[in-house]
Amino acid sequence: MSLTTPNQIRTLQRKLYAKAKQEPAFRFYALYDKVSRADMLSHAYDLVRSNRGAPGIDGVTFAAIEAGIGKDAYMAELQVELEQKTYRAEGVRRVWIPKPDGSERPLGIPTIRDRIVQMALKLVVEPIFEADFCEHSYGFRPKRSAHDAVKAVTDGLFQGKTQVIDADLSKYFDTIPHAKLMAVVAERVADGGVLALIQQWLKAPVIEEDEQGKRRPSGGKGNRKGTPQGGVISPLLANLYLHLLDRIWERHDLERRLGARLVRYADDAVILCRGDSKPAMAVLETVLERLELTLNRDKTHVVDAREQAFNFLGFSIQWAHSRRTGKGYPHVEPSKRAEQRIKARIKELTARRRTPVPMPQMLKEVNQVLRGWSGYFHYGNCTKVFGRVRWFTEERVRTQLRRRHQVRTRTRGYERFSYAHLHSVLGLFKLPHTAGWKSAHASA
């Protein structure tokens, strides 16, 4: 299945982006018919399917759709509902995701049907809003990544902006006021059909099942705040609302006036200040108050990066000095929490209770986790952390092998299940070595 955007859709997106860029005050009034196009819905179906998400409250899966009436018939029915405006959003299934601090984060899972329509709408309206978004915004945007945001932070440190406001918004996704959010959307979109779709998704009831399987709905038409994390359209809407903060920072030239660089990735934001951080903090608090958002005082800190590290997007960042040259540089490595989480996951996958699992299957699961983790964290000064995670993983796998083959001593385990055996024979994934590590050890 090809996920390359079809030429017809790509052409439409380029035209919408160009129009929005050329006319910042233009309000788009003919978009709904594009959302309901057969090619748009078909591509949206493929994109949602590729995400491999869980089923919604109706329990319908892609496998059930394709084994039943089939994709074409399913999409034809959905297109008719949209064209006749009989489409109605269904409830959102709520699940709870554990967080590293022991608390839980709510995740809302719309039905496949609703996710397809949300994706189709996103394909249409995202280019319009993308034309407006500011340079210092990185989250949930095409051709932008968390690494780009981290690079912007390190650039700020290089410029001497070492007083860092590490801001944390309290329950951001749950507290976005619908009325103000829709006002922001309406600045660019005048199509009533599109606005009505977004309203439906914002007002959809959130349904949670208790241990007895009884469903408990909340929210619904009376709901005035929040957009559930997990919906296809939610990240775009959440990004769009905080664009108001970005816009104020840019239009008032606050980076120059206050010596303060804002770097934002969705609701994760840092402000790097050259001197006193109080003026920048005052502006941040004022804007958030107007947006009816709240700073989490317990998790918002002001840090001197020359003395203390701060965490951003899973990385620990601090201004450090080279032991070899003495020159200052921004040291970026996976945070302690990121390291603890990957070790906990590896420990879980290689636990004693999983000894009956065939070794190839266990290694496949370990490799999948390691590849995903290293794909994100293989950045900056990650050598030491990667070394610790690599050693930890090898020890856990070696312990499993000793247990399975009844090798009693650790020394014998190292002889029989050497580094080369683990990686070359059994196929354990090798965490990458950085260029610096290779150079340092080239003559060793």
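Biologist: Which residue stands opposite Asp 166 in β8?

Modeller: A word on the source comes first. This is a predicted model, in which local features need pLDDT of at least 70 and side-chain atom pairs count only at pLDDT 80 or more, while totals for chains, interfaces and linings use all residues. Residues are numbered from 1 along each chain as its sequence is written, and side-chain values use heavy atoms, with hydrogens and water left out. As to the general idea, strands of a sheet pair through backbone hydrogen bonds, either parallel or antiparallel. Here, His 301 in β8 stands opposite Asp 166. Helices (H or I, at least four residues) and strands (E, at least two) are DSSP runs, numbered from the N terminus. Two strands pair if DSSP finds at least two bridges between them; β3 (residues 163-168) and β8 pair in the antiparallel sense over 4 bridges.

Biologist: In what order do the 4 strands of that open sheet run?

Modeller: The order is β6-β7-β3-β8, with antiparallel pairing. β6 (260-265) and β8 (301-304) each have a single partner strand, so one side of each is left without a neighbour in the sheet. From one strand to the next, the twist averages 20°. Such angles run from 0 to 180 degrees between N-to-C directions, the axes being lines fitted to C-alpha atoms, for helices over the stretch in contact.

Biologist: Which helix lies across β6 and β7?

Modeller: Helix α11 (residues 234-251) does, running at about 170° to β6. Helix α13 (residues 278-290) packs on the sheet as well, touching β3, β6, β7 and β8, and its direction makes about 20° with that of β3.

Biologist: Is Val 270 buried or exposed?

Modeller: Relative accessible area decides: buried means under 20%, exposed over 50%, and partly exposed in between (1.4 Å probe, protein chains only). Val 270, in strand β7, counts as buried because its relative accessible area is 0%. Contact means heavy atoms within 4.5 Å. Leaving aside neighbours within four places in sequence, the contacts of Val 270 include Val 164, Ile 165 and Asp 166, as well as Phe 310 and Phe 312.

Biologist: What is the nearest side chain of opposite charge to Arg 390?

Modeller: Lys and Arg count as positive and Asp and Glu as negative, whereas His and the chain ends are not counted. A salt bridge is a side-chain nitrogen of Lys or Arg within 4 Å of a carboxyl oxygen of Asp or Glu. Arg 390, in helix α16, is buried yet has no salt bridge; the nearest side chain of opposite charge is Glu 394, 4.7 Å away. Beyond its neighbours within four places in sequence, Arg 390 is in contact with Leu 431, Pro 432 and His 433.

Biologist: Where does Phe 140, with its positive phi, lie?

Modeller: Phe 140 lies in the loop between α6 (112-130) and α7 (146-158). Its phi is about 55° although it is not a glycine. Phe 140 counts as partly exposed because its relative accessibility is 38%. Gln 406 also has a positive phi of about 55° without being a glycine, and is placed in the loop between α16 (383-405) and α17 (410-416). At 71% relative accessibility, Gln 406 counts as exposed.
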